[in-house]
Amino acid sequence: PKSLFDRYMNLDLPKPSVGDWADLYADENGPLEGNAWKGVMPEEMIRRANAGYYGEISFIDQQIGRLLHHLWRFDRELLDNTWIIFTADHGDMQGDHNLWRKTYAYEGSTRIPFMVAPAGAFKRPIDEFGEVKEQVVELRDIMPTILEAAGLEIPKTVTGASMLPIMQDDSAPWREYLHGEHCWCYSRDQEMQYVTDGKRKYVWLPRIDVHQFFD
């Protein structure tokens, strides 16, 4: 909605994070292509993109708020028997490291919201909300989590893991790292593999033999 776009256009928005290695993507012709995936974009273009991105996030927040408010007022029994998992399939680089879109191993693309409210969570006082877990989780963990919560068997072919144990006990056994990969999409140079434990991340771009390590 225009009101949410305008809200962020009138704020002092954070500038993109550009690493000293990002000249790799500093294509000066990027702004000339309307659908560019890399390039040094004009400041005003970046600002408009961020205002739209933040506005979209606020719009989604409002719609989730409407749903929860309706259930809270008119169908508490259903709300108290419902698991709510909020996540996304990816983020967007939004100019970080001179990159746009998704598919990258970098935080703007891969670090997504992942919030879980078990059945009965809204019976608790509001100050008991917001416990943060440090373990690395991924989208493949949603299906087994829902199956276990529903008391159903998890198929042996499932590669994710139920998060119920770590939600209940931080000392429960869990994976130490995640491995991710992406074949080339916008360019062969962009193909990558990466490994992260949630704090440190190793990225390998095999087509151009670039190795990166982030903390």
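A residue is called buried when its relative accessible area is under 20%, exposed when that area is over 50%, and partly exposed in between, with a 1.4 Å probe and protein chains only. The model described here is predicted, so that local features need pLDDT of at least 70 and side-chain atom pairs count only at pLDDT 80 or more, whereas totals for chains, interfaces and linings use all residues. Residues are numbered from 1 along each chain as its sequence is written, and side-chain values use heavy atoms, with hydrogens and water left out.

The chain holds six helices and six strands, where helices (H or I, at least four residues) and strands (E, at least two) are DSSP runs numbered from the N terminus. Along the sequence these elements follow the pattern α-α-α-β-α-β-α-α-β-β-β-β. The C-alpha atoms fill a box of roughly 55 × 45 × 25 Å, taken along the principal axes, and 30% of the 215 residues count as buried. With contact taken as heavy atoms within 4.5 Å, residues 24 or more positions apart account for 55% of the contacts that have a separation of 6 or more.

Two packed helices are described by the angle between their axes and the distance between the axes. The axes of helix 1 and helix 2 come within 8 Å and cross at roughly 130°, which makes helix 1 oblique to helix 2. In these terms, axes are lines fitted to C-alpha atoms, for helices over the stretch in contact, and angles run from 0 to 180 degrees between N-to-C directions; angles under 35 degrees count as roughly parallel, over 145 as roughly antiparallel, 65 to 115 as roughly perpendicular and the rest as oblique.

Pro118, in the loop between strand 2 (114-117) and helix 5 (142-149), counts as buried at 17% relative accessibility. When residues up to four places away in sequence are not counted, Pro118 touches Thr82, Trp83 and Met167; Pro118 also lies 8.7 Å from Asp80, C-alpha to C-alpha, although the two are 38 residues apart in sequence. Asn98, in the loop between strand 1 and helix 4 (107-110), is likewise buried, with a relative accessible area of 10%, and has a positive phi of about 65° although it is not a glycine. In helix 5 itself, Ile142, Pro144, Thr145 and Leu147 are buried, and the buried residues of this helix pack against strand 1 (84-87), strand 2 and helix 6 (164-168). Just after helix 5, Gly151 takes a positive phi of about 75°.

Four strands form an open sheet in the order 3-4-5-6 with antiparallel pairing, two strands being paired if DSSP finds at least two bridges between them. Strand 3 and strand 6 (210-214) are the edge strands, each pairing on one side only, and neighbouring strands of the sheet are turned by 15° against each other on average, direction ignored. Strand 4 (residues 192-196) has a covered face of Met192, Tyr194 and Thr196 and an uncovered face of Gln193 and Val195. Five bridges link strand 4 to strand 3 (residues 178-182), and four bridges join strand 4 to strand 5 (residues 201-205). Tyr194 is the bridge partner of Gly180 and, towards strand 5, of Val203, while Gln193 has Trp204 as its bridge partner in strand 5. In the hairpin of strand 4 and strand 5, with four residues between the strands, Gly198 takes a positive phi near 95°. Asp209, in the loop between strand 5 and strand 6, also has a positive phi, of about 50°, although it is not a glycine, and is exposed, with a relative accessible area of 54%.
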